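This report describes selected local features of one protein model. Please consult the sequence and structure shown below while reading.

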Amino acid sequence: MKRTTISLIATTVALAAITGFAALTAPDGGSSAGAEAAARLPVERSSLLCPAPSSSEIAETAYTSFTPAGKTADAKDGDATGGAAELKPSAATLADPDTAPKKDEAKKKDTAKGGAGKDGAASGAKKPVPGKAVLALKEPGKPVAAKAGGGEAPALVGTATGRLAPGWTAQQTTTVPAGGSRGVLGVSCTAPDTDFWFPGASTAENRQDYVHLTNPDPTAAVADIELYGKDGALKTTLTEGIPVPAGSSVPVLLSTLTSEPAADLTVHVTTRTGRVGAVVRAADDKTGSDWLAASADPSDTAVLPGIPADATSVQLVAFAPGDDDADLKVQLAGATGRITPAGHETLHIKSGMTAAVDLKDVTKGEAGSLILSPAQSSETTPVVAALRVVRGKGDKQEVAFIPATAPVGERATAADNRAKGSILSLTAPDGGAQVKVTASAGTEGGAQAVKTYTVKAGTTLAVAPPVPAGLKGSYALTVETVSGGPVHASRTLTLPQDGIPMFTVQTLPDDRGTVAVPEAEQDLSVLDD
C-alpha cells in the first residue's frame, strides 16, 4: 500500500494565486489556526476589459497599460519574460452604438462634420487589427501606450500572467473635439464580474446612455439589466436577458429598454451565466460625454473622492438596494476638514428607489470629497452612489462622473497621466494617513519619481502629482498606503479644448495584486493501493 500526502495549503495557494480568491474554514464553522495567520501572495493571472471607445469618426483614443514594479508572481518554467500582458480587439462589437435611436442620427451627422483636427483620427492613430495585440506590456514599472483613431475602434480583451499580473492596470482615454459625443472620455479598463451598480445613468430626452457589456470568455454570457428610478423599478422590455457572445462586446441603449423617461437612474447589471465587463457611456446634449464606472459594492458608508475645486454643478445620485430605507449624513471633506452642505445635511433614500440631490457648486473653489455615512450609527443600510460633476459655464460645459470607491488599500494605480493636467485627490475619512506616490517612467522615456504625502483625518489633499524627470509620453501613478488610513483616491485628467475644460475622473481602488492565503497545517491524505 502506498500513501500519498497532499498539502491543503499547496492546493489553496495555487487556487488563490490564479483566481484571486481563497478561503479556508475549519470543521464545524470554526476558524482554523491557519486561517488566522494568512500570508499575502501575488496573483498569477489578471483580466481586463476595455469598452468600444466611441462611434465618432473624429475620435482619438489613447490606451495605456502598466504593472507596478514590486510584488510579482514567480516566472513559469520556459517563460523567459516571467509572464505576458496583452490587450487584443474583441471578436466583435455587435451593434453600432449610434444606429438605434432616431434622435441620435443628427448628433452623428454633426460629429462627422467636425472634421479631423489635431486631436482627431487624422493624427496618425492606427486602426486595431483583429487578433493582434493593441498593447503588449514587456516588464513591470514601464508603461506602454498605443493609439486608435475613428469610430471603428473595438472593445479590447486582455490577460496578464506571471510577474505582469499583480496590479495590472489599463486606461482608455478618448478625445472627441466636437459633435454630440464631445468630450474627454476616460475609463480604467475593468475586471470581469457578475454584478455591477451604476447610479447616475439616465433615459431623459437630453441623454443618450449606453451600457457596454464585454465578454472575455470562450463561452457565451447572458446579462440582465434592471432600471430603478425615483419611484422604484421601471418596467423594461427585457424578458430573456441579453446574450453576449464569446469574446464579444454589446452596447445597449438604455432608453430602448423602457418607455418611461427618467432623469436619474440606477442601473443594475447581473449575469445569469458567465461574466462580463460593464461600464456606462453617458452623453448629454449640453455637457458632453464621459464614462460612468460602477459604484463600489453596497455599503453603509460611501466615499466619492476628487470633486474639482472649480466644479460649477455637482449632483449626487444614490440608491438603497436592500429591504430598508437609508438615512445618510452628507459631508464634504475639504482641505481643512469636514463641512455639511447647507440645506443638505441628510439624505433619505427609500428602499429600491433612486434619490438625487443637486449640491450645486458645493466645493466653492476648494477641491473636496463627498462622504456619506449613517445618520444614526445604530441604523446602517447599504447604498451605492455616484456624482455627476460639471465644469465650465454656458456652451463651454463638460461633464464627468465620480462613483463611490473602495479604499486604495495596499496599492492602486492610475495610468495615462500627462506632463500637465493631472490632479491626484487623496482623502482619509476616518483617520490620518501617510501615502507613497510613485510616478513611473514615461512610455517613451523618463526616470521614476517618488513622493510621500500626509493626509490629515477628515480632509482631502488635492495635489499636482510628481512627474518623471525627462518625461516623454505618458506615465502611471501608483499610490500605496504607508500608515494609517483608510485612504480613498481619484485622478482627474484635464485636457482643455477650444475653451471647454474637458476632463475625466478615475477612482483608485485597491488593485488586488495580492491575495490572502491561509497558512494551514492540515493535510489531506490519499490512500492508494
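The sections below treat surface charge, a loop residue and its contacts, and backbone geometry.

## A negative surface patch

The model is predicted. On its surface, a patch of negative charge is formed by D323, D324, D325, D327 and E379. One of these residues, D323, belongs to the loop that connects β22 (311-319) with β23 (326-333). D323 has a relative accessible area of 76% and is therefore classed as exposed, the cut-off being over 50%.

E240 is located in the loop between β15 (232-233) and β16 (242-244). Its relative accessible area is 60%, so E240 counts as exposed.

Apart from neighbours within four places in sequence, E240 is in contact with V222 and R272. V222 and E240 are 18 residues apart along the chain, and their C-alpha atoms are separated by 8.7 Å.

## Backbone geometry

Most residues other than glycine have a negative phi, and most peptide bonds are trans. Two residues, K360 and D498, have a positive phi without being glycine. For K360 the angle is near 55 degrees; this residue is part of strand β26 (residues 354-360) and is exposed, at 52% relative accessible area. For D498 phi is about 55 degrees. D498 lies in the loop between β38 and β39 (503-507), and its relative accessibility of 59% places it among exposed residues.

The peptide bond from G485 to P486 is cis, with omega near 5 degrees. P486 occurs in the loop between β37 (475-484) and β38 (488-494).

Conventions: Residues numbered from 1 in each chain as written. Predicted model: local features only at pLDDT ≥ 70, side-chain atom pairs only at ≥ 80, totals over all residues. Heavy atoms only, no water. Patch = residues over 30% accessible without salt bridge, like charges linked within 9 Å, V, L, I, M, F, W, Y side chains within 5 Å. Areas by Shrake-Rupley, 256 points an atom, 1.4 Å probe, with all protein chains shown as cover. Salt bridge = Lys/Arg side-chain N within 4 Å of Asp/Glu carboxyl O. Lys, Arg positive; Asp, Glu negative; His and termini not counted. Charge placed at Lys NZ, Arg CZ, Asp CG, Glu CD. Helix = DSSP H or I, 4+ residues; strand = E, 2+ residues; numbered from the N terminus. Buried < 20%, exposed > 50% of the residue type's maximum accessible area, 1.4 Å probe, protein only. Contact = heavy atoms within 4.5 Å.
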